[in-house]
Structure formats: structure tokens, C-alpha cells
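Take a walk through this structure, one part at a time. Keep the sequence and the 3D view side by side as you read.

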Amino acid sequence: MSYTRRNFLKATLGASTLLSFTPAAPNFLVRSLMAAAPRRDDRDTILVVVQLSGGNDGLNTVVPYGDDEYARNRTTLRLPTKDLHKIDSMVGFHPRMGAFMRLYEQGHLSIIQGVGYPNSDRSHERAMRIWHTADPDQPGRQTGWLGRAVDSIWDPDSTNAPAVFVGPIAQPFGLNAERVVVPSVRSYGDLVIQEMPGRLKRQSQWKRAAELPRAEQDNPLTHFLQQCTLNSYTNSRRIEAVTKTAADTFEYPSFQLAGSLRTVAQLIRADIGIRIFFTELGGGGIGGFDNHANQLGNHCALLHHLSESVAAFIHHLKRDKLLHRVLLMTFSEFGRTVKENGRRGTGHGAAAPIFLAGGKLKGGLLGAHPSLTDMDNGALKFAIDFRRVYATMLDRWLGFKSRTVLDRQFELLDI
Amino acid sequence: MVAQNEKTASRNQSKRVHPAHRMGGVHPAVAEKLTDPGWAWAAYQPDAQRPWNLAQAGHLFRRAAFGAGWDQLQQALSDGPQRAVDKLLRPQADLAVFNRTYDGYEASAAGSIDGLRAWWLRRIIQTPHPLLEKMTLFWHSHFATNSLKVKNPGLMLRHVQLLRSQALNSFRDMLQAISRDPAVLICLGADANRKALPNESFVRPLMEVFTLSHGHYTQKDVREAARAFTGWFALRGRLRYIPREHDGNIKEILGESGSFAGDDVVRIVLEQPATARTVVCKLYRWLICETEEPDAMLVAPLVESFAKDYDILKLAETMLRSNLFFSTAAYRRRIKCPVEFALGIVKALEGVVSTTQLGQDLAGLGQNLYHPPTVKGWIGGRHWINSATLVGRHNLALALLQGSGPYADKLNPWVVAKKYGCSTLKSATRFLLDLFLQGDLDPDVYETVLKTAQAPAGIGSDDPEGMLRRFAHLVVTLPEFHLA
């Protein structure tokens, strides 16, 4: 797990302790602490969240072929055992998820099985809202868990955007913050400064005008805007630089999600201080993974998109030696019913698996596959509360304080 | 005026800077008086130390409006500060006709929230009473109601009309109406208030955000107030009172007891001095300064007066006329919200751009009208700004100014400069610096910016229009232009 310099300083000194002995503290220490706060640390970790909209059928994703109940319940949707990518004698990946199998074998993929929450909600809107707010008890909660996370790390001198949504749909509620403005982008170009056609080299002039010291006014806002203007210029140049180099030629499949993840990879390579990326597969609303009828073909395609896109992303980052800084996590608002519904589809369910992909994972399966007989109203029972996954991302991976985001301390997972 | 401007430009050329336009540092004698409420809230009368100049006029229009065109600035200069404030508070134009016309446009667009958003922005651009819209926007953030939850554009339309009708009138009446506004109740999840299940979803933000603020009420007050509101429902978008669902028993709220109903709760919170303080401090942040919280002593006279009559116009008037407002403690001590940033460009260049597109672009910068992010509204300030939103502002300004694309050719700096008497590129660049920033830049910055237009590559170009578009873009992306 990452252990940034910032965390080191916080852990060893503690902000309040240091303040209290500042006059006596060695100057270099004070200086380095001051520098640590607003500065970007290139060892800072990055979380990429992939939303699978519509309710993914976990049972046909990580398939419990070793359990006879699977075949009994899935009369038409049953996936042939011989086509599965077998993980162990119990479960295997969907036939179109060969790329995930390879990631799994390389130790870059973990599966958390049976993730959910008590009294699961079966409505798309409400269930998605619960996953976004991370607060099943307060349906009216006004902020998303990632929104609260970025609010919690904001400081008045920060000039970077801490989180970004990448995708063509409206920004998911999970990023809704009380204070911080989280931008939505479709491609890296949305974060690049555009210029009017003309012969002047305006960017450098503009930069000069922005960075000249302002003599007589002690207005803290002017100074802040100067810092931020220069930073936006630098960040924009960094993005342009990484997208123009040969290193940007990595091959991605031509799926929507692959395009979004390619943008994420470019922005990670530009190193502009974004700690959280959010992207999506399935169209954002009802649809996508929501297969009430003739599920097989559509689900095949979606899982293929997911697995190929994520694999390309992981390999790209690995090639560029950035994978150790990145952790990708999938989620969906619910799983599906164990029994199919007579229309070659499934109904809204409960618990489902979450995938983690990255360079610093232990890999393997976390938790047991949920029982197919002891069920929650026809769907799988959860064993791991989703907020434990969130808390693990926040505390162990990002180095934030999950308690401020989730209101209490959830038991962390060993990933 | 035309000839005058050319004269101004040539005069300043020789002096390098515009001393008459700069705000300058705080005179020591003035700095001391800023903390004295008697002096701070007294009406500003220009004198040698604090002259009435273009910078002050620009400041007034940024706060009490959404920026200004050149003739408005010039008119304000000759009017003097108090008369300029008069006109912003009580414009002579026929407002009733204007608002009726726009109410009609909005009613016909009420099928879609994007349509409403576009008409509101259009109204802001064209209104003869920009302060009314400035205050409507303030209340939209104060009683933050999000269309995504209400899911009924018609209710949202009526909600903002309610805000507008009271924006400069009575906070008491506005609060009363808000407590019966179906949009607010639905948004907060308070659309059902059963006797057996008192709903705290409205009364909690009522106390925490709309009036008293944290620390001036207890959980018990919230519970009891919720009982007083039982019987009120928003059913199929309509407010309904069901008497048998009302709990008529005795409640104890903020030290008073009685068989209170919802209206009594509103009356009781309005009797608390904390309510007036919450609103005064929030308006202080909006109209005067957001870098520092006002000292309790400083705002005390305003709080006391506001608590008596809840007259919003009077409160805004005191603030806008004051010595404090026209001091360096207020000058550029706020960051423009995205609407102010974009309309500051549009108003200065006297064009009307596509507000459908603008509404969408402003949403991308964090200010989606009709969709404040939480019940606390847009917190704003430094939160508006990060490197991504700043790139967004840069690119929006470019789209507005480039003369083609989604905003078409509605804003043309060269045409505006010529209209006000500039015939050369040189005078036009100085004019634009005056128009957008009232020339108030650090001398080095001022000269550097001017030089960009005088660079050989620029002068060699036979395209003053394109040159001036690029120059205008450079000016509105300077750090100073983001400050209100």
C-alpha cells in the first residue's frame, strides 16, 4: 500500500502537534511540512471507479459452476462449464472474460465476492443512490461518498481538481460534493487550454501576464488566482505533452469504456494531481446491465467490453510503470435474482462481486461465494458490506480518513 | 464622450498607468475607521482620499449587477456613487412589463428545465433591474432547491418566481411562502407530514440553513417544529393541508410553547436574532467580502435593523451605499461565480449570446442553475476554482469571443471599441482594459498586457478584429478578472 510523504509527515508529526511547537521546530521541518501540504507527490495513489449501470448479474460474471444449484436455477442462461475460465473448483469467469482471467493470473485482479448491504433495495434509482451516498439509512443524503472524500481533503490553497468524471453521461451522484466542483470531461481535450487561431504565441504571453508579481495589494485572492492560473497552464501543457508523445500510442479496443479509460490513463500520465477518476459502462440509466429478457447476448457483450477495456488500461499503465499507483474498482447497484424469470432474463437482485484491478494487490478471491439456497428474497445474500470496500479504498489506498466520509469506521479488507 | 475617450487614452499613454482608476492602498486613517460600524455603514461620499472613479463604478456593477457596458460605467461616473446606487436599487424602466414578458417566455418553456435555465440567463442579460436577478440568484442558493429531486419544471418555475417576487422585499413573506412551496418540500423530502410520523426534512434545514444556523437550536426544537408542520402534504405537485393529520397538541419550540402550526414556527424563528444574523452575514459575503467573516460588532447595527422589519431592500441598500462597500476591504474580495464570470464578458460587450449553450457550459463550471448541489447551495469562493474549472473558464471565454462556433458572432470587441470612439488598435486595447478591468492592474502587468497587442506579429496583422478578440480573451483570463 502506498505511504506518501504527506502521510509520513502527518503520521510522524501530526499537524496540531507541530503547530504547538512551531517556534521550536527546526526550520527545514516546518518548511518541508508546508511544502508537503499543497504540493503534488508523485507517489500519490489514484482510485478509478467504474460504475456498471443497470445491475450486473454477478452470477453469470463470476460463475459458481461447482454448485449444482447454479445450473438448476439458470435453465436457459446457464453458461457451459467447458467455456468458463476456471479460477478454482467452484467458480470461473464468464467465457468472454478471458482478459480478466489473464489479469487474475498475473495478480493484477482481485474479486470481492458477495458485496452488498442489509435490507437491499431493488429499485434502480434508490439502490444506485445508496451506492452513491454510501448511506442506506438516509435516503435524502445530499452528497456522494466520493464527493465527501474530496471535500475532506480540500484545503484553501489547493489548485488541482482532486476528482474528475470521465464519460458521456451526466455526472453520477457519487461525486456530488458540498463544496468542491468536480469537473466532467469526455476527453482529455476538455482539460486543455484552447487558443484562438492567430499568429501570436498567446499562451506564453498570457502566462507572463498572470505570473508577474502584483506589487501593492495584499489581496489573498489575487495570489490564489495567480497560482491557479499558472497551475492550469502547467497542467494543460502536461496533458498536451503526454498526448503528443509516442508513448500515447497504446492500443485500446474501440469500446466506449475503453475510450474513457484511455482518457483516464492519459490524465494519470499527465500527473496533474487527480486522485479519483469515475467512469461508467452501461449508459447511466436503466438499460445496460438491466437484462430482464434475452440477457445472454447483451450481457456477453458488456462483460467483454468491461474485461477488454480494463485489461488494456492495466497493461498500458504497467508498460508506463504507473500501475503501482493505480487501483481500479467496479461496482453495480445490485446483482440479479438467482432464478431466471421465464423470459431468458433475470430480476433485480442483491449482493454481487466487486472487481479490483491494480499493481499493488494481493490478488485472488476475497470472501466466499454466497450461497445459492440461503437467499435474500430470491437473490444472493451479502457477506461483505460495500462500505467496508469503500473504507478500504479511502483508508488503505488513498490515505484519506474513511470515518469522516462514512461517518463511522468500517472494518478494512486485506487487499 | 467619443472624443473624450481618445483623449483619455492618449493622456494615459504618456503616464504609463491610470492613477485615476486605481484603487490604491488603504489610507491609514480609513483603515482604522473600517471597523467602526458607524463609519463603515454610513453612505460613501467621495473625497480626495477615496475618489469616485472608474474602478469604483466597475466594482459597483460587479456586485449589484452582472457587469456593465461602457456607457453604463460612464453614466455612473458622472452620476456619482449614491445616484448610481439609486438607479440600481430602483430603476426607472417599466419593470412590470419586462418581467411579464419574460414570465410569458418562461411559462412557454416550462416543459423543460434546460429551457427555463436558458430563459433565466437571458433575463439576466436583458433586465433593466439586474440587482433583482442578482438577489434572486442569491436566494436560489440560499433556499437551494434542486430540480433533479423535484422533477417538475413547472414547480421549479414557480419556485424561482417566488424568489424573484420577494428577492428585494420581505424576508418574512419569503420564508412564509417557502414553507408552503411544494418544490421546496418535495426537494427536501418533506412532501408528507403525518401526525403519526412528523417529518424533520423541512424543519431541519429551515433552522440549520435558512434561518438560525448551527448552534442556535436543539434537536428537540427540530422534533417539536416537525410536529407543528404535520398536516401539510405536497401531493401530485400541489400543496394540501389535511386537518386530521395535524397534531394540535402543545409544542415547545425555542422557549415558547403553544399548540403551534407551521406558520407559528416561521414566526418563532424570525423572532430569534440568530436568523437576522445568518441572513446579514450571508448577504455580506455575497455583496461585500468573502475573504473574512464580518466581526459581530461590525454587523450588529444591520442585524438589529433587519430583525425589526426583515426588509431586504433596505439591508441591501445600506450595504451598497456604505463606506465599507466602497473600500479596499470589499474591492475584489470575492471570486466571481461562473454566471458572473461569463455575463461579465457578455454585458461589457453588449451582445446577447445563446443562453441554451451558456446554461450548459456554466453547469460544466459548477453552477447549474436550478440544480444547486446540496441544500447548502453553492458554497463558492475558492471552491469555484481549480485548474480544471479555470481551464473551463478560459475555454468558455474563448468560445464567447472567437466570433464563430456555438456562440456565433454576437460579441465583437472591435465593434464595441469603435462605437466608443477608438479608431486605432492601440486605443482599442486600452479601452478594453478599462472596460473589463477599469484599467486597474499592477503597472507592470498593465504594460505587459498592452505589449502583447503591440508585438510585431500582432501589429503586422491587418486584422484588428481578430487581434482584438485575442486581446480581449487575454484580458478576461487574467487572475484579476475572476475577482468580483
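Two residues are in contact if their C-beta atoms, placed from the backbone, lie within 7 Å. Keep that cut-off in mind, and remember that this is a predicted model.

Start with chain A. It has 13 helices and 14 strands. Buried residues make up 49% of its 415 residues. Now look at contacts in chain A between residues at least 6 apart in sequence. Of these, 74% join residues at least 24 apart.

Is Phe289(A) buried or exposed? Count the other C-beta atoms within 10 Å: there are 27, so Phe289(A) is buried. A residue needs 20 or more to be called buried. Which residues does Phe289(A) touch, leaving out those up to four places away in sequence? They are Leu52(A), Ser53(A), Gly54(A), Gly55(A), Asn56(A), Gly282(A), Leu302(A) and Ser332(A). Phe289(A) and Ala99(A) are 190 residues apart in sequence, and their C-alpha atoms are 19 Å apart in space.

Another loop of chain A holds Arg344(A). This loop runs between β10 (336-340) and β11 (346-348). Arg344(A) is not a glycine, yet its phi is positive, about 55°. It has 16 other C-beta atoms within 10 Å, so it is partly exposed.

Now cross to chain B. Here 50 residues are in contact with 48 residues of chain A. Which helices of chain B each supply at least two residues to the side that touches chain A? They are α22, α25 (443-454), α26 (456-460) and α27. The largest share comes from α22(B), with 9 residues.

The crossing is right-handed. Where do the two helices meet? Ala397(B), Leu398(B) and Leu401(B) in α22(B) meet Arg469(B), Ala472(B), His473(B) and Val476(B) in α27(B).

Between α22 and α23 (413-419) of chain B there is a loop that holds Ala408(B). Ala408(B) is not a glycine, but its phi is positive, about 50°. With 13 C-beta neighbours inside 10 Å, Ala408(B) counts as partly exposed.

Next comes another pair of helices. The axes of α24(B), residues 425-437, and α25(B) come within 10 Å and cross at roughly 140°. These two helices are therefore oblique to each other. Their crossing is right-handed. From α24(B), Leu425(B), Thr429(B) and Leu433(B) meet Tyr446(B), Val449(B), Leu450(B) and Ala453(B) of α25(B).

Turn now to α17(B), residues 273-287. It has 15 residues and reaches 21 Å from its first C-alpha to its last, close to the 21 Å expected at 1.5 Å a residue. Its buried residues include Val279(B), Val280(B), Leu283(B) and Leu287(B). The buried residues of α17(B) pack against α4 (54-64), α9 (130-142), α12 (171-178), α16 (262-271), α18 and α19 of chain B.

One of those partners is α18(B). How far apart are the end C-alpha atoms of α18(B)? At 1.5 Å a residue, its 14 residues should span 20 Å; the ends are 20 Å apart, which agrees. Even so, α18(B) has a kink of about 30°, centred on Leu302(B). Leu302(B) is also one of its buried residues, with Val299(B), Val303(B) and Phe306(B). An α-helix has 3.6 residues a turn, so residues three or four places apart point the same way. The buried residues of α18(B) pack against α17 and α19 (312-321) of chain B. After α18(B) comes Tyr310(B), with a positive phi near 50°.

Finish at α14(B), residues 203-210. This helix is mostly covered, with 6 of its 8 residues buried. The buried ones are Val203(B), Arg204(B), Pro205(B), Leu206(B), Met207(B) and Phe210(B). Their cover includes α9, α12, α13 (182-188), α15 (219-228) and α16 of chain B.

Key:
Residues are numbered from 1 along each chain as its sequence is written. Chains are lettered from A and ligands numbered from 1 in the order in which they are written. This is a predicted model: local features need pLDDT of at least 70, side-chain atom pairs count only at pLDDT 80 or more; totals for chains, interfaces and linings use all residues. Helices (H or I, at least four residues) and strands (E, at least two) are DSSP runs, numbered from the N terminus. The expected span of a helix is 1.5 Å times one less than its number of residues. The bend at a residue is the angle between axes fitted to the seven residues ending there and the seven starting there. A residue is buried if 20 or more other C-beta atoms lie within 10 Å of its own, exposed if 12 or fewer, and partly exposed in between; C-beta atoms are placed from the backbone. A crossing is left-handed if the near helix is turned anticlockwise from the far one by less than a right angle, and right-handed if clockwise. Axes are lines fitted to C-alpha atoms, for helices over the stretch in contact, and angles run from 0 to 180 degrees between N-to-C directions. Angles under 35 degrees count as roughly parallel, over 145 as roughly antiparallel, 65 to 115 as roughly perpendicular and the rest as oblique.
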